[in-house]
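Visitor: Could you walk me through this protein chain? I would like to ask things as we go.

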Amino acid sequence: MYWTRRLLFACILYTFSLPMKAQEVEVDVSACRGMYAVLEAMREGAPKEEVSGMLDTLLDTRPYQLMFKHYNRSWRPNHLPKAVFKRMILSLRFEEEYRPGENERADAMRARWTKYYPNLALYESQLHQLEAADLRKLINDGVRYGQGWLPPEWKIPNFYFAVIPNGGSPAFTIEGAQGYDFLQLAQVRPGEIDMNWLVGTVAHESHHLGMKSNIPGELSPADAMAYRVVILCVAEGVATYFISGSPAGRAPAFPDSRFHVFMADLTKAWEDKVAQEEEMVQHQAALLDRAVRGRLTEDAFNTELRDYWLNGAVGRAYVLGSDMFGAIYAAFGKAGVLSAMQDPRRLFQLYNAALDAKPDVLKRCVRFPDKTVKQALTVGGGH
């Protein structure tokens, strides 16, 4: 029985290429079937050594290699070691393998695994839905919509698309690839995957892959860091506002969004962050001033990303960026949005100009200091 299961585990690989005009997407849901085999083996009483070997094989596959790269980025190295994740999975049956408190990320992940492990019927049902879905059409739709909110000369490149049971980030992009957590696929109702949410998330993440906010020219170290501060909220702001259907903040919600991925818990987190926007604007202005003066180090910037701008259920970069681009859209339409994306140094200038152009609609938005606007415009000798 175990030999048969190993053979099934080794041979099943759901990958295929999708021709998509300018893009070709390789879709891989093999990790979902592979992890099901591991969980089934544990439920049926397989020895620890056998389960451990199955996990070693699975965690060396491309989807899980991608996942570990995401969790162990340069700004958070050793955030989730492979051995820790493996022992967390083993602890679902072999409790002595992992103790709560050992790793914050693994602790949060394990809480989601315990929903599925006691009864694998829910996992199996979702797996069948995913394997039966018309992923070709879904991904085509998502990428096409995401491409519509990029300047015409920017193209979403080919990418690898993997669904990976992990329990951490619902979705992420890294090294030209997208990863999605099988355990957190949104549901229309208990046990039924919300495919509209999946398409919207693909569109959001594909949009990131098409972003070309590269540092312009040969910049001094201070200007290069300043540019990174200026674009802090650009990628997430545009994708969240125009693609993900974010709730209204200081600017009105985008009326024509096709996708609405914000569930009740995320909406509450969003509203809490909207209330903090005065402080966010001051924080970004102070950060830019530090960068311009050459006083913002790489380590300090990475700490800012981790602990302030991207921290929490909804990061501040998503909220402030959405309101900035929402304001620009309200005043200057799509042309204004694309202009700010093409040269983000103009972002604060266009945003403040939008507040002047639409004072009634944008009266709650927080203005950036004139000093900050000038500092952004002059990064790298810009005007």
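This is a predicted model: local features need pLDDT of at least 70, side-chain atom pairs count only at pLDDT 80 or more; totals for chains, interfaces and linings use all residues.

Visitor: How many residues does the largest nonpolar core have?

Guide: The largest nonpolar core has 132 residues, and those with the most contacts inside it are Met35, Tyr64, Phe85, Trp113 and Tyr123. Helix 15 (residues 316–342) gives the most to this core, namely 11 residues. A nonpolar core is a set of buried Ala, Val, Leu, Ile, Met, Phe, Trp, Tyr and Cys residues joined through side-chain atoms within 4.5 Å. Buried means under 20% relative accessible area, exposed over 50%, and partly exposed in between (1.4 Å probe, protein chains only). Helices (H or I, at least four residues) and strands (E, at least two) are DSSP runs, numbered from the N terminus.

Visitor: Which residues is Tyr64 in contact with?

Guide: Leaving aside neighbours within four places in sequence, Tyr64 is in contact with Ala31, Met35, Leu58, Leu59, Phe85, Ile164 and Pro165. Contact means heavy atoms within 4.5 Å. Tyr64 is also one of the buried residues of helix 4, together with Pro63, Leu66, Met67, Phe68, His70 and Tyr71.

Visitor: Why is helix 4 largely enclosed by the rest of the structure?

Guide: Helix 4 (residues 62–71) is largely enclosed because 7 of its 10 residues are buried.

Visitor: Where is Asn166, and is it buried or exposed?

Guide: Asn166 lies in the loop between strand 3 (159–163) and strand 4 (171–174). Asn166 counts as buried, at 0% relative accessibility. Outside four places in sequence, the contacts of Asn166 include Met67 and Tyr71, as well as Phe85 and Trp113.

Visitor: Changing topic, what about Gln126?

Guide: Gln126 is found in helix 7 (residues 121–132) and is buried, with a relative accessible area of 0%. The side chains of Gln126 and Tyr116 are joined by a polar contact of 3.3 Å. A polar contact is a pair of N or O atoms within 3.5 Å; within protein, one must be able to donate a hydrogen and the other to accept it, and residues adjacent in sequence count only if both atoms are side-chain atoms.

Visitor: And Asp307, buried or partly exposed?

Guide: Asp307, in helix 14 (residues 298–309), is partly exposed, with a relative accessible area of 43%. The side chain of Asp307 makes a polar contact with the side chain of Arg306 (3.3 Å).

Visitor: Back to helix 15. At roughly what angle do helix 15 and helix 16 cross?

Guide: The axes of helix 15 and helix 16 (residues 347–357) cross at roughly 115 degrees and come within 8 Å. Axes are lines fitted to C-alpha atoms, for helices over the stretch in contact, and angles run from 0 to 180 degrees between N-to-C directions. Residues making the contact include Phe325 and Phe332 of helix 15, and Phe348 and Tyr351 of helix 16.

Visitor: Which helices do the buried residues of helix 16 pack against?

Guide: They pack against helix 10 (221–230), helix 11 (234–243), helix 13 (277–292), helix 15 and helix 17 (370–377). Among the buried residues of helix 16 are Leu347, Asn352 and Leu355.

Technical notes. Residues are numbered from 1 along each chain as its sequence is written. Side-chain values use heavy atoms; hydrogens and water are left out.
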